[in-house]
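I opened the model today and kept short notes as I went. Here they are, in the order I looked things up.

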Amino acid sequence: MNPFIEFLDNLLIEINNSINEKIVGINYLEVIKVKLIEKLVVLDKNIMQDLKSELMNQGTLSKKQVFNNRPISYNINYYEKSASTIKQSIQKETLNIVLEGSKILSIFDKYKPNKSVKFTIIKNVGTVISHNTIISENTNKKSIILSITTE
């Protein structure tokens, strides 16, 4: 098993056990985001390099977990070239953390489609997006993005 996946699985178990069972949805993902980024900042560079090498060959690593009746799934994607999506509706609450590179997000107002907020997520920064949010995203080349969704 990839050392990063093992690290992430163990960390998610530890984080989940520290979160009150009454915390769910985007609040649950926000707690995960803060605690996960704290650990990612001090992660051994060799583990990240191994992850990058594996992702360059496979493109994506995915896994589904259930923690105390809280099902989540995560994807780690490597983008060799920049990728864009325009005005897509998010189907599940989603946490995105940039492990390497950067990602530009535009979040649109449902009631005023021409109104949006645009921001950049850089390495070791994340954002939680609630379901039914309309976004456009541009992921820069050579980026690695961790996405965690609740089921």
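**Entry 1: the two helices**

I began with the helix pair and saw that α1 passes α2 in a right-handed crossing; a crossing is right-handed if the near helix is turned clockwise from the far one by less than a right angle, and left-handed if anticlockwise. Helices here are DSSP runs of H or I with at least four residues, strands are runs of E with at least two, and both are numbered from the N terminus. This is a predicted model, so I kept in mind that local features need pLDDT of at least 70 and side-chain atom pairs pLDDT 80 or more, while totals for chains, interfaces and linings use all residues. Residues are numbered from 1 along each chain as its sequence is written, and side-chain values use heavy atoms, with hydrogens and water left out.

I noted an angle of about 130° between α1 and α2, with their axes 10 Å apart. Axes are lines fitted to C-alpha atoms, for helices over the stretch in contact, and angles run from 0 to 180 degrees between N-to-C directions. The two helices are therefore oblique to each other; under 35 degrees counts as roughly parallel, over 145 as roughly antiparallel, 65 to 115 as roughly perpendicular and the rest as oblique. On the α1 side the contact (heavy atoms within 4.5 Å) includes Phe-4, Leu-8 and Ile-15, and on the α2 side Tyr-28, Ile-32 and Leu-36 are among the residues involved.

**Entry 2: the five-stranded sheet**

Next I traced an open sheet with the order β1-β2-β9-β4-β7 and antiparallel pairing; two strands pair if DSSP finds at least two bridges between them. β1 and β7 each have a single partner strand, so one side of each is left without a neighbour in the sheet. The twist averages 15° from one strand to the next.

I found eight bridges between β1 and β2, with Thr-60 partnered by Asn-77 in β2. Four bridges join β4 to β7, and there Asn-96 stands opposite Thr-127. I checked both faces of β7: Gly-126 and Val-128 on one side, and Thr-127 and Ile-129 on the other, are all buried (under 20% relative accessible area with a 1.4 Å probe and protein chains only; exposed is over 50%, partly exposed in between).

Both helices lie on strands of this group. α1 lies across β1, β2, β4 and β9, at about 150° to β2, while α2 lies across β1, β2, β4, β7 and β9, at about 15° to β4.

**Entry 3: the core**

Which residues touch the most other members of the largest nonpolar core? I listed Phe-4, Ile-32, Leu-36, Ile-76, Leu-99, Leu-146 and Ile-148, out of 30 residues. Such a core is a set of buried Ala, Val, Leu, Ile, Met, Phe, Trp, Tyr and Cys residues joined through side-chain atoms within 4.5 Å. Elements giving two or more residues to this core include α1, α2, α3 and β9. A second, separate core of seven residues includes Leu-105, Ile-121, Ile-135 and Ile-145.

**Entry 4**

I then followed another open sheet, ordered β3-β8-β5-β6 with antiparallel pairing. β3 and β6 are its edge strands, each pairing on one side only. Five bridges join β3 to β8, and Ala-83 stands opposite Thr-139.

Ile-135 lies in β8 and counts as buried, at 0% relative accessibility. Its C-alpha atom is 5.5 Å from that of Gln-88, 47 residues apart along the chain.
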